[in-house]
Amino acid sequence: MITAAIGLSCALSASALATETGALTASIDGIRNSNGVLVVAAFDDETAFEAMDVMNAAALAIVPANEGRVSVAFHDLPTGSYAIAALHDEDSDGNFDLEGEVPTEGYSFASMGRSGLPPRFGDALTVAGPNTSRTLTLRYWN
């Protein structure tokens, strides 16, 4: 009977942990104009992050662009780590525009270095929690 009670207690604890949630606020700086929309995604999957597959992001927000700064709050995310990416779709066409291999629209990733290259998934992670926030600064090549 004690074993059953311990097993039930462990199951309830695991269930409670599985349903814990947190919040994550992403502030996007350096938005050069108010054209189009800002796409902000929080990824919990390395493959989706590396492919920039926003349709398979854990959380996604598409908000009107606003010159300067925009903040997006993701509430009730399952407790865990997320890599954040932001894209400024200036013409609202749903595509990230390129000239050859050079982006013509702004983008940023959490932990993006000076090179402008996307960081590795593990380097870009932020843990969702009660008051977690991360600031990203958009980069434009043109």
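This briefing walks through some charged, aromatic and surface features of the structure above. The model is predicted, so local features need pLDDT of at least 70 and side-chain atom pairs count only at pLDDT 80 or more, while totals for chains, interfaces and linings use all residues. Residues are numbered from 1 along each chain as its sequence is written, and side-chain values use heavy atoms, with hydrogens and water left out. A search of the whole structure finds 2 salt bridges, and the structure also holds 5 aromatic pairs.

**Terms used below**

- Helices (H or I, at least four residues) and strands (E, at least two) are DSSP runs, numbered from the N terminus.
- A residue is called buried under 20% relative accessible area, exposed over 50%, and partly exposed in between (1.4 Å probe, protein chains only).
- The accessible areas come from the Shrake-Rupley method with a 1.4 Å probe, and for residues only the protein chains shown count as cover.

**Salt bridges**

- A salt bridge here is a side-chain nitrogen of Lys or Arg within 4 Å of a carboxyl oxygen of Asp or Glu.
- Arg 69 forms one with Asp 29, and their closest N and O atoms are 2.5 Å apart. This pair links distant parts of the chain, with Arg 69 in strand β4 (residues 68–78) and Asp 29 in strand β1 (residues 21–31), 40 residues apart.
- Arg 69 is partly exposed, at a relative accessible area of 44%.
- Arg 32 and Glu 90 also meet through their side chains in a salt bridge, at 2.9 Å from N to O. Arg 32 lies in the loop between β1 and β2 (37–43) and Glu 90 in the loop between β5 and β6, so the pair ties together parts that are 58 residues apart in sequence.

**Aromatic rings**

- A pair of aromatic rings is described by the distance of the centres and the angle of the planes.
- Rings of Phe, Tyr and Trp (its six-membered ring) pair if their centres lie within 6.5 Å; planes under 30 degrees apart count as stacked, over 60 as edge-to-face and the rest as tilted.
- The structure has 5 aromatic pairs. In the pair of Phe 96 and Tyr 107, the ring centres are 5.9 Å apart and the planes stand at 85 degrees, so the pair is edge-to-face.
- Phe 96 sits in the loop between β5 (81–89) and β6 (98–99) and Tyr 107 in strand β8 (residues 107–109), so this pair ties together parts that are 11 residues apart in sequence.
- Phe 96 is partly exposed at 31% relative accessibility, while Tyr 107 is buried at 6%.
- Both rings belong to one aromatic cluster, formed by Phe 43, Phe 49, Phe 96, Tyr 107, Phe 109 and Phe 121.

**Surface patches**

- Patches are made of residues with over 30% relative accessible area and no salt bridge; like charges are joined within 9 Å, and nonpolar side chains (Val, Leu, Ile, Met, Phe, Trp, Tyr) within 5 Å.
- For charge, Lys and Arg count as positive and Asp and Glu as negative, with His and the chain ends not counted. The place of a charge is NZ of Lys, CZ of Arg, CG of Asp or CD of Glu.
- Asp 44, Asp 45, Glu 46 and Glu 50 gather in a patch of negative charge on the surface. Among them, Glu 46 belongs to helix α2 (residues 46–51) and is partly exposed at 42%.
- Met 55, Leu 60 and Ile 62 make a nonpolar surface patch of about 330 Å². Ile 62 lies in strand β3 (residues 59–64) and is exposed, at 56% relative accessibility.

**Backbone angles**

- Most residues other than glycine have a negative phi, and most peptide bonds are trans.
- Met 52 has a positive phi of about 50 degrees although it is not a glycine. Met 52 lies in the loop between α2 and β3 and is partly exposed at 24%.
- Ser 111, also not a glycine, has a positive phi of about 70 degrees. Ser 111 is found in the loop between β8 and β9 and is partly exposed, with a relative accessible area of 36%.

**Distant in sequence**

- Arg 134 and Ile 28 are 106 residues apart in sequence, and their C-alpha atoms are 8.6 Å apart in space. Arg 134 lies in strand β10 (residues 132–137).
- Gly 122 and Tyr 82 are 40 residues apart in sequence and 9.2 Å apart in space, C-alpha to C-alpha. Gly 122 is in the loop between β8 and β9 (125–127) and is exposed at 54%.
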